[in-house]
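User: Hi! Could you walk me through this one?
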Amino acid sequence: MCLDCGMLLDETPLFEPSLLKELDWSSNSVSFSPPISPSSPGEGLVLRPLCVADFNRGFFKVLSQLTQTGDVTPEQFTKKFEHMKKTGDYYVVVVEDTNLRQIVATATLITEHKFIHSCAKRGRVEEVVVSDVCRGKQLGKLLVSTLTLLSKKLDCYKITLECAPKNVAFYQKFGYAASDETYMQCRFFD
């Protein structure tokens with residue numbers, strides 16, 4: 001229960017958890033040493049869909065290590081969560097440290113519906129971040145591998161992401177390659 005808002009922050013997942021359990025991990029192209037997987041991410045860790053209760057488990061603390069998050073209220077978070085759940089196009093995964101009951105990593109897959117490629121779907125990876133206290137545990141690799149396999153399972157014709165030049169080699173391990181397209185933006189807010 002969120003004391004300042006009077007609303008229950010529940011454990012309802014953003015998407016069906018069985019999607020993660022059904023991934024064909026044998027087709028993963030990246031090696032892990034020691035071996036980890038979505039069903040076994042490491043001692044005391046669980047990889048699962050985001051839930052509303054994660055608001056109080058440090059979800060924004062982890063996101064803030066990547067970019068500005070702003071001051072988000074539980075009501076705003078719940079409203080955005082419900083919108084994302086309703087569309088069925090958002091797959092936010094988190095890694096929770098079950099001993100601390102804190103989120104230590106997260107990444108998002110968004111599916112876009114297209115008219116091109118016979119009305120196909122495109123996957124887009126965003127907001128991949130691992131808490132500074134958990135770096136070096138292969139969680140970034142685990143998140144990207146999981147979302148890449150999930151996009152394939154969801155019948156996306158391709159998956160894309162944006163990354164800084166210093167991260168290109170990391171993403172190439174997963175089969176990502178630079179495209180001929182130039183990423184451009186027009187920002188309205190910082």
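User: What is the strand order in the open sheet, and what is the pairing?
Analyst: Happy to! This is a predicted model, where local features need pLDDT of at least 70, side-chain atom pairs count only at pLDDT 80 or more, and totals for chains, interfaces and linings use all residues. Residues are numbered from 1 along each chain as its sequence is written, and side-chain values use heavy atoms, without hydrogens and water. The open sheet has five strands in the order β1-β2-β3-β4-β5, with mixed pairing; strands are DSSP runs of E with at least two residues, numbered from the N terminus, and two of them pair if DSSP finds at least two bridges between them.
User: Which strands stand at the edges?
Analyst: β1 (45-49) and β5 (156-161) do; each has a single partner strand, so one side of each lacks a neighbour in the sheet.
User: How do β3 and β4 run?
Analyst: They are antiparallel, joined by eight bridges. Thr 106 stands opposite Val 129 in β4.
User: And in which sense do β4 and β5 pair?
Analyst: Parallel, over five bridges. Lys 121 stands opposite Cys 156 in β5.
User: Switching topic, is β4 mostly covered or exposed?
Analyst: Mostly covered: seven of its ten residues are buried, meaning under 20% relative accessible area with a 1.4 Å probe, protein chains only.
User: What does Tyr 176 touch?
Analyst: Its contacts (heavy atoms within 4.5 Å) include Val 125, Ile 159 and Tyr 171, not counting residues up to four places away in sequence.

Note on methods:
Helix = DSSP H or I, 4+ residues; strand = E, 2+ residues; numbered from the N terminus. Buried < 20%, exposed > 50% of the residue type's maximum accessible area, 1.4 Å probe, protein only.
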